Each structure stands twice: as structure tokens, then as C-alpha cells.
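Have a look at the model below before reading on. The notes after it are a short tour for someone meeting it for the first time.

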Amino acid sequence: MAQNIESRWQQWWDEQGTYIQPNPGETGFDGSKPKYYCLDMFPYPSGAGLHVGHPEGYTATDILCRYKRMRGFNVLHPMGWDAFGLPAEQYAIQTGVHPEVTTKTAIDNFRRQLKRFGFCYDWSRELGTIDPDYYKWTQWIFLQIYHSWFDPDADGGKGKARPINDLIRDFVEGKRKVKLNPHAVEYTGAGDLPDGTDAGPWESLDTETRKAVVDSYRLAYLSQQVVNWCPKLGTALANEEVHDGKSERGGFPVLRKPLRQWMFRITAYADRLLDGLTDLDWPGSTKTQQAEWIGRSEGAEIGFPIVLGGELDMGETLRVFTTRPDTIYGATYMVVAPEHGLVEMAMEFAGGETDGDKIKEYVAWASGRSDVERQENKEKTGVFLGIHVRNPVTEELIPVWTADYVMMGYGTGAIMAVPGQDQRDWDFAKAFDLPIVRTVQPPEDFEGEAYTGDGPAINSDMLNGLHIEEAKAKMIAWLTKHKLGAKRVNFKLRDWLFSRQRYWGEPFPIVFDEFGNHHGVSEDSLPVKLPPLTDYQPVESDTPKPLLAKAREWVHTTAGQAGVDGMHPDSKVTRETNTMPGWAGSCWYYLRYCDHKNSEKLIGDAAQDYWMGEDGVDLYIGGNEHAVLHLLYARFWHMVLYDLGIVKSTEPYRKLFHQGMITSHAFQRADKSLVPIDEVENLGTDGKPSYVEIATEQPVERIVAKMSKSLKNVVNPDDVIAEYGADTFRLYEMYMGPLEASKPWNTRDIIGLHRLIQKIWRLCVDETTGELKFADSADDAVEKQLHRMIAKVGDDIEKLNFNTAIAAMFEFVNVAKALTKDQMDRFVRVIGPFTPHVAEELWHKLGNETSVAVADWPSFDEAMLIDEEIEIPIQVMGKLRSKLHVARDTDVKTLEAMALADEKIRALIDGKTVRKVVVVPGRLVNIVAN
RNA sequence: GGGCCUGUGGCGGAAUUGGCAGACGCAGCGGACUUAAAAUCCGCCGGGGUAAAACCCAUGUGGGUUCGAGUCCCACCAGGCCCA
């Protein structure tokens, strides 16, 4: 029956366009209503179809949106597809089927499955990141970023993105000193002046230098980056995909190789990304994760003069960043990253204390290690460079080592090692027998090694006795005064590597001329369409070659064809062959939903003003696995677009909520290894289970585990819907527990929710005639319970407490045996958001012609929520001893008197002294007596 | 190693935010209806204790604050997630 009713109404909603939400200016739009923009994280349409985790968040937003609509909001609730990405491409490599074919099949399947849940998406706004009409604007945004620079002085020192032409104009007009961007990480390194060098007047520079200067400011820039290159797979790999120098997939060797890559200067926004978190209504843990990822730390940059052979002053300094300048007296050695310029310099001057071969060997070895491996706190490795620096404070000579636990990407790629106050330095010092000097006095009972806590400074001359914060301040002041260092803020956040050597992604709207200079294509030549390929095999090569290089005709074109302004149309150009990473399309999709058919603009003004308002998306629900990457990247794009005046809200997502993971059961052997569920049998009863692995007859323990193919504990929503219907499925997932909690799937429990729907049905419908049945008159108890349910359900929906809302429905149908027509009318409205199909069926049986989805939410009477007579527990010494039945508003004195007069209580306190009587009116009485 | 979160019946969970622990559902037990089963309806359902009550114990463990603690504080144990 469920199948029949559900598919009938789903079809009707489609035909009626029940859930289509018009935009401002369109027919049917009611501008007097407030807006509610409720967004789900759109799915990656995999070939496997939906799993039971998808509909959890989607059902929650569906209920909320239906409720908000009934409460008089215009609701924007769209759905789309995050469809570029690796799995479709991997599949293409194996089968030769174009990723577009497999992806579109997967999308059709996902759409079919989602519609089967009866979700109230406005499908007219559906979009996919692979649609050329969509990625046209992804490319357009890239161009905006490419044509921008970050002016750190703008906006009162907060800094903002400005058009790159503003910068060029400043250079031409002499308003700004022409120099390389001092904040550009790709140009910093040992020996560079921290402030950049004045390049002289603009007109004195040749074209090439001018271009280099301008490019160093772009928010999207090309840079040599050391990546994990796997020749066999023909692509760069993420750190997480490399283990022991081999690729996780296939076990092929991985090299550290510099690659010319597109980068986003997200580091320029570090402070704003951090500060912006404060006002967001996001889970605290997510904010913390982003803040830690950004990793702001205050400290000092200090220059240590480099000394060769113990006396020859090089006239250069080794710059280090440290968060603990107060510990400089305890710096007993220095460490530079193996990629640091000083290592190469050491090898040039090999001889004496410098063992060039050993250094060379070490650097080669370190280059094969991923960042993750290098940061693992295992065995310390390193080589003495034979170079010393002079401690600027103590004037003592300190040896310089290279070791891979120092990263080139963090700070300056060099540290002053203070083993007394840093455990990694301590371990290293122990391993290589280097001196350890404590500069902070640990507490007397301290038994650890490095001491990182606070305490008075020792062995530190002018700092002695000062605590960390004072000592830091004093040292920074001293260094600044003597021009040996300065206060500096450092971030863990790195610039965002935006190139992939893959096929299935957005092409860059960039071409290179014959001299290798890059040019953005003009806006009217967008989209740069992804060319079809027939061969998706990675190019096996030592020199990284992106897959798109195979589309030779597409790659080699002319400026006219590609649409490059300011070049002769016949000039030969080659297209950028890297593609954008999967994050690109998901960085801004929430904007496009507002106005997805707009061919003139990314988003029209009226649509943006109404739907995004000042705070952006009202509620964004998705998994917390996106806590950092997607949610940080999207905020970054939004901020750039804000600076350029394209969007008007400062943040994309006002309120964020993470639904918990739906887990499953699995079985665990004594050694903690897992057993698939079909290899276990229950020899006990349901009440007292006793699980045994069939093959070994050994007992196993039932535990909660992630759903996975190998454990055979994956649940397919299609099967559940086929058996119980979508309404039951929706209720079950919402009744499992709090939305944010991770909860185990338990098929056996579904029946209870199925019974609820049947009880609802039987409460309203006479099963013999199929007609509605009504009570002659309203029962007081039922009427009261109805008011309570309306209040409770509405309140719970607002708080996303769907499990207790459903419990309130259970309580109602357990009380109500018959409803009047008026009661039924209200009841059906309340269940509408949860079980839209059954509700719609009953709603129409009640004689309505329009959908229950557009009905008003019923009101309730506050007075009905309050009991006139209540039960008050009486405690003696905090233990429940008796109860009073009293009028709700009985005052304190009366309650106290009644409690003390209670027979049971009198017996208990007989012979004791009543010390105190605590009375909470309407709550309880507690008697303290002894 | 650091950070965050969680721990309540056989199971999922509830608890007005410091005020009657176990709402609601599942499973289980007993009964009604039925030739029988399913479905449905009624009752019981943390442990000990009792003829039944009374009473005692109980929210991972141990302490603390409080008239009163599942809820707040400290320590520990176990599990999970994130970072390293």
C-alpha cells in the first residue's frame, strides 16, 4: 500500500510543481514572506548509489523545510551533484567508458533514489558541477582570483582582494614602490631580504621583470612545488596517499618532485578566515579544527649570523621563526630543512668539518619521505652541516644540522633547537649527543624530559626570573632594538595547491604563449570545455604530464581560438593541461542555486539580495569530514568574491550542523580483528545473545563498526523502502537518536515506526470502507494531548530534535482513539513534515485540493499545556519518600505545611530535628532532618 | 604525544538544563481475540529483596561541591574522532 500511495503523490507533486520556489521577480513569488535557505551538502554521485547515511541529513532538512514553509517562509531547498572527481576517472581507466557517461548514469540513479524519499527539493534548480553552464562560472571565478591581488593595507589593515589592474596602475603612476610581493612564499628562502627589494621605477623595467613583479602578487599564481610524484600512476599524490615512499594504490615508488602548479594565496586570508569564525553559528569543534588548521602563532623571527670554520663571518644570517624567543639562551644547535638553501651552500664549501657526501646522501634519502612520515615522532635522523652560526644574544657559536623533522614549508624552514623546552629537540639532542640547557625552571616534582610549561627563566642572563610571556616580550624588544629580529606571526596554513594532473575536472581558463607566459582567456570565451578523450591511461613518465596533454588539438591552439585579449589572433598558444581539484565546484554552488539559470551573471542581484541576504545560507547540514577542507575553501572563495563586490555577505554559511554517522554492527574476535556479519551465528537468545564465529566456533563480541563492503554490513535504502515505504524509512532514521550523534543501524527497530504509520492510518481511516472516520465530539484528554503534540513537535523541529518529536507523536496516537474532523485536520498538518505521503493522502481525503505542504502549521493554546493538578515529590535528605497531589500554583508555605503533615513523612522525621525545608514551587519539597 | 567528544536497562535512546532516572520505540514475558498463525488489543518489563509491600542498590570507576548530581568540579578507566 505504501508503494502505491507514495509513488502516486510523488508524481502529483512533480506535476503540480508543489516544491518549486519562484525567485524574486518571477510569477508566484511572494516578497512579503521571509526567506529560509536550507542547504544540504550535495553528494558525489558514486556508482554504488545512495547509502543510508545520505538520507539522514536530507530527511532532517526536508522536515525542517516543510515546517518552515508551513510557518510562512519562502524556502530555498535545492539539490545538485558534486560530480567531478577521481572514482569516475578510475573507472574510465579500467573500462574505457567516458567518465561523463558513468557520472550521468550515477546522477540519474541518485535522483531517482532521492525522489523516492519524497524530499521537497526544488528540482527545477538542480545543477551539476560537470555542466558546462555551471563550470563556466567556476572558471569565471578562477579568473577573478587570477586577476586579483591581496592588498594587506586595504580596509584599515585587514587587507582585501583588489583588481590586479589597480596594482599595475599604482606602479605605473609611481604611487607604490615596485618590488616583488614580500608576502609571496614562493620567493622567500634563506638569504632573501624579508622585505623584498626595490626594483626601481616601472618604466625602467623590461616586460619580463614587470610581469614577474605583477605575477608575484596574484591571488592565483604559478609556483614550483615539491609534490609526491608517482611516475607509474602519472600523477601527484596527496601526503595521505603515500606510505614508506610507495603509493598506497599499487605500491609504486613515489618521488618528491618539483612541479609547476597553480596555487591560491589563501594564506593572505589567514587572519580573516580565523577572525570570521567568531560570529558563525557553527559547532565549536569545527571552529576549533579550522582555527588549528590555520594555526596562527605569535613569535619572533631571529637572524643568526652564519660563521664558516669557526671564524669566517659570511655576512649572511640564518633566519628562524620561533614561538619561544625567550628560550634563546638554551638554543644549543640549529636545524634547517634538507631543502633549505644553506644545505646546498654547505656542500659547496665541503671540506673540513663538512662531509659533503654524507649530506648529499641524507638529502636524497629525505627527499623520498613524505611530510607525514617526516613529522612522525619516531627515530631522529640528521647530519651536521659543518657550519656554525653565532647566537646573537650570547655570541656563542652553535652548530647547524639538517634534519627532516624540520619542514621547509613552515616558518623559514629553519629552527633554533632548544632541547630543554621542546621534546623533539630533546630527542634529537639525545640521539646526537648535543648539549641540553634548561632555560625555564621546571617544578620540583617534574620528572619529564623537555619542559614546556611555565616557570621562571634560568640560565638566561637578562631574562632570569621572568615568566614566559614577560621573557618573550623582553627578548623581542631587545632583538628589535638591536635589529637582530622582530616580532612575527606565523601560520600553519599553506597556500592551496590547485592543480591536478587528472582528466575529470574543470580545465583552467589559462593559456601559455610561446615564451611560456600565462594569460587568462576572456570572459566571453568561457566555458573552456573539457575535450573528449578516448584514452584515460595515465602517462607513465618521470616528467609529470597531465592527462589533458593527450588532447593535442585542444592543447595547441591560437590566441583567437582560445579567446585571449591583447594578442594577435593567430599567435600560437598552448592551453593549461592541469585540471582543477574536486573542491572547485563545491566552493560556490550555494550561490548558483539562488539563480542557476542566469546566463549573464554568476548570480543576479535580486536573487542574491533575497536568498543570501547579509548572513548567507541559513542552515547548512553535512558531515564533519568537511570540517576543514571544503568549508575552509568555500569561505576563502566567498571572501575573495566579497572583496571584489560580487557577493554581499561576508560568510557563506551562517549556521552549520553536522549529522552523525550511521554505523552498523560487526563482530570482533578476541584479538580485535573483525568478522563479517554473515560469518557469525547467535547461539543464545535475543535476550541473552551469544555470538560465535561459524568457522572457528570461537565466541566473538558484537561491536559497532562503520558500514563497509568487507564486513558485509552495508544497508541499501532501496531495499528498506521496498519493504516499508519511504515514510517509515524517514521516521526510522529520525527516531534513531540525536541528529548529531553517530548511531548504529538496527533493522529490527524499523517495525516500530512502521506500526506508528499504521496506527496513524487506523486512527483516521475506517479500514472496512476506506473512508475517514470521525469522533462525534472532541474528547478533552485527546484535545489536550493534541495541543501538547503540536507545541512539542514544532519546538523540537526548530531545535532539530526529531527523535523526541516523533516520540510525542507516539504518545498522541497511544492516547487518541478517535478524532473529530477538526482534530484530524490539525493532526495531519503536524505529521506532514515527517510522513509527507501518508499526510498528503489523508489531507486529500479530508477534502483539500492543494498540498498539505502549503497548509499552515496549526496553532496551539498555551493554557492547554498546563496541568491544573500536579504531583509534587517530597524528599527527605534528597531521597524520594512521598508525593503530594496539589493545585499547580500552590504556594511555598502551603507546600511546606502539607509535606510536613504527610503521614509517611511524619513517621520518617519523627524524633529528628527539621533543619531546613527546601521548596521549589511546582517542582518538589526536600526536608533536611536529622 | 596533544586536543575534542562520548559512556544511562538485553538494544536504540529520554530526562524541562541541578529537582520523581529509564519518556518513546525495539526485543522479551504473560493474557485476550482466533480452529491456528499473523495482525491487533491489554498488562509486565534495571538489579536485589518481599507472599505483597516496605526497603536497599543503580546513569563507566573513585572522590568532591550541593538540601538535592546522569547533569557541575577533580582524578582515573574504556571507546570514538581530529591533529601530530
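## Before you start

This is a predicted model, so local features need pLDDT of at least 70 and side-chain atom pairs count only at pLDDT 80 or more, while totals for chains, interfaces and linings use all residues. Residues are numbered from 1 along each chain as its sequence is written, chains are lettered from A and ligands numbered from 1 in the order in which they are written, and side-chain values use heavy atoms, with hydrogens and water left out.

## Domains

Chain A is assigned domain 1 (160–265 + 496–575), domain 2 (297–490), domain 3 (663–705) and domain 4 (869–929); the bounds come from an automatic or database domain assignment. Going by C-alpha atoms, the centres of domain 2 and domain 4 sit 70 Å apart.

## Around the RNA

There are 39 residues around RNA strand B, and Y735, M736, R755, K883 and N926 come nearest. Being near here means having a heavy atom within 4 Å of the strand. Of the RNA atoms that come within 4 Å of the protein, 73% belong to sugar and phosphate. Helix 25 (802–815) gives the largest share of this surface, six residues. Helices (H or I, at least four residues) and strands (E, at least two) are DSSP runs, numbered from the N terminus.

Now for some polar contacts, meaning pairs of N or O atoms within 3.5 Å. A polar backbone atom of M736 is 2.7 Å from a sugar or linking oxygen of RNA strand B. The side chain of K883 has an N or O atom 2.8 Å from a base oxygen of RNA strand B.

## The second largest pocket

The second largest pocket holds about 620 Å³ of space. Its lining has 26 residues, with Y146, K211, R218, H518 and H519 closest to the centre. A pocket is an open set of points on a 1 Å grid where a 1.4 Å probe fits, with protein on both sides within 12 Å along at least five of seven lines; lining residues have an atom within 4 Å of a point. Helix 7 (207–215) brings the largest share of the lining, six residues.

L526 and P527 are joined by a cis peptide bond, with omega about -5°. P527 is in the loop between strand 21 and helix 15 (552–555).

D433 isn't a glycine, yet its phi is positive, near 60°. D433 counts as exposed, at 70% relative accessibility. M877, also not a glycine, has a positive phi of about 50°, and lies in the loop between strand 32 and strand 33. M877 is partly exposed, at 48%. Exposed means over 50% relative accessible area, buried under 20% and partly exposed in between (1.4 Å probe, protein chains only).

Terms used: Polar contact = N/O pair within 3.5 Å; in protein donor to acceptor, adjacent residues only side chain to side chain. Points joined across faces, edges and corners; volume = space filled by probe spheres on them.
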